[in-house]
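Here are a few exercises to work through with the structure open. Try each one yourself before you read the solution.

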Amino acid sequence: MSYRTVKFQLFPKPEQEKRMLLNLHACRATYNDLNEYCRDCVQRYREWRESMGVDEGQDASQYGTDTNPVPGFPSMFDLTAKAGELRDINLWRREAYGTSVREVGARIHKAYQRWFDSLIDDPSAGKPRFRTDGRYDSFTYPAYEQYRLDTQGLFRGKKPRMFLGGVGWVRASNNGIIKRVPTDCMKQAVISRKKMGKSNKWYITIFCECLEIPDNRTWYMDAETPDPVGLDLGARRVATLSDGTVVENHRTMRKNEKRMAKIQRKISKAEEGSEERRKYLGHLRHLQKRIDDSKNDVLQKATRSIVQNHTKIFVEDLSVKKLIDLQDNKESRKLFRDASAGMFMRLLRYKGEETGSEIVPVDPAYTSRICTKCGKLNKPFSEETFRCRFCGFTKHRDDNACENLFRRGMGFDILGTSSIAGITEAEAEVHN
Ligand SMILES: [Zn+2]
């Protein structure tokens with residue numbers, strides 16, 4: 001069993017916030033009423049003890065009789081029931097969420113238990129206090145039934161929302177962690193308010209008990225659903241997936257090329273060993289680091305999301321170096337290099353090992369030239385758009401290629417239909 005808490009921000013609409021504040025005030029009022037009640041109980045016990053001549057710290061239970069019993073302290077159950085009663089007789093408190101209000105009984109019980117414990121070490125320890133408005137900032141949903149996560153929305157890629165009892169559907173911050181903790185692990189949740197001047201920030205903290213630590217794949221995807229995907233490494237795009245995902249080449253390098261060239265010119269003009277030259281060398285290092293950092297960031301995020309969403313990834317069975325050599329012109333070779341295909345594959349492989357996703361190499365022959373609509377083989381081309389000369393089908397070349405990789409990975413004979421076009425496999429061999 002592993003325990004963890006997840007916390008994220010909530011963004012209630014004004015009318016929802018009004019209801020959350022009502023809950024908070026109702027809980028605070030109940031807390032103070034119960035505190036009053038508990039203090040009375042403690043007072044009654046003291047009076048009884050003095051009247052019976054029992055010393056402090058002595059076991060009082062043996063002095064109690066049937067007609068004059070020891071005044072006991074209410075149990076957690078008593079206090080919870082009392083909180084419910086108090087809610088029923090107060091018109092405005094009845095508007096608040098009942099379960100949260102009753103839970104205050106457990107809170108006050110805990111507060112008094114803590115106080116009793118501290119009395120053992122320090123007889124002068126102060127009783128639990130009454131809470132003013134600024135000093136009571138949270139209310140509790142004791143179980144998942146009283147709040148819930150919009151799992152359907154998450155599945156469809158929407159922003160997270162939470163249903164809060166007595167409040168409604170509230171937007172939540174896009175915290176990746178809620179996609180990694182299954183809802184059946186979620187137990188108690190605490191809604192807390194943080195005062196920011198005149199406005200409030202709201203948070204939800206969920207206590208989770210997981211039987212096993214969930215892997216970092218998004219849990220709400222059905223594990224049985226096959227979700228393999230074809231992945232094509234490209235020049236203009238770092239990678240294209242057959243599910244439509246595109247990892248764009250951010251071209252940080254190209255954007256910064258002019259600045260780099262400028263600095264390099266300055267360096268070459270500056271005298272060897274001069275102060276000026278050292279300065280420009282520093283500038284160059286700084287720029288290089290920024291380029292590397294932003295590239296690294298893009299690749300890390302992209303590869304993580306790919307292995308989290310796919311158990312099987314079909315990739316071209318080519319060493320990346322060979323891929324670069326295959327690029328026909330200098331421009332696209334350069335693009336390919338700063339797209340960091342090699343680093344991308346390295347990250348993908350090791351993240352795949354972490355999540356248990358399989359990276360399956362697939363024979364890449366003709367994958368960029370076969371039409372995904374009619375299945376016929378086209379001549380080599382260098383344009384960004386694939387245009388089938390048999391059926392006129394057009395698609396981005398990488399979209400076309402990764403679809404072919406996917407089909408071949410799944411075991412379909414993608415070239416099998418090409419003979420209809422008059423090009424047989426033997427002919428295709430010649431074209432290649
Ligand atoms: Zn076609």
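**Exercise 1.** In which sense do strand β1 and strand β5 pair, and over how many bridges?

*Solution.* Keep in mind that you're looking at a predicted model. Start by finding the two strands: β1 covers residues 2–11, and β5 covers residues 168–172. Next, look at how they run against each other: the pairing is antiparallel, over 2 bridges. Now go down to the residues. Leu-10 sits opposite Ala-172 of β5, and Phe-11 faces Arg-171 in β5.

**Exercise 2.** Work out how β1 and β7 pair, and find the partner of Phe-8 in β7.

*Solution.* First count the bridges: β1 and β7 are joined by 9 of them, in the antiparallel sense. Then pick out Phe-8; its bridge partner in β7 is Ile-204.

**Exercise 3.** What is the strand order of the open sheet of 7 strands?

*Solution.* Step across the sheet and you get β2-β6-β7-β1-β5-β4-β3, with antiparallel pairing. Now check the ends: β2 (138–141) and β3 (147–149) are the edge strands, each pairing on one side only.

**Exercise 4.** Describe helix α10, from its span to its surroundings.

*Solution.* Take the span first. α10 runs over residues 397–409, which is 13 residues. From first C-alpha to last it reaches 18 Å, close to the 18 Å expected at 1.5 Å a residue. Then ask about burial, where a residue needs 20 or more other C-beta atoms within 10 Å of its own to count as buried. In α10, 13 of the 13 residues pass, so the helix is largely enclosed by the rest of the structure. Finally, look just past the helix: Gly-411 takes a positive phi of about 95 degrees.

**Exercise 5.** Zoom out: how many helices and strands does the chain have?

*Solution.* Tally the elements: 11 helices and 14 strands. For burial, 28% of the chain's 432 residues are buried. For contacts, consider those with a separation of 6 or more: 67% of them link residues 24 or more positions apart.

Technical notes
Residues are numbered from 1 along each chain as its sequence is written. This is a predicted model: local features need pLDDT of at least 70, side-chain atom pairs count only at pLDDT 80 or more; totals for chains, interfaces and linings use all residues. Helices (H or I, at least four residues) and strands (E, at least two) are DSSP runs, numbered from the N terminus. A residue is buried if 20 or more other C-beta atoms lie within 10 Å of its own, exposed if 12 or fewer, and partly exposed in between; C-beta atoms are placed from the backbone. Two residues are in contact if their C-beta atoms, placed from the backbone, lie within 7 Å. The expected span of a helix is 1.5 Å times one less than its number of residues. Two strands pair if DSSP finds at least two bridges between them.
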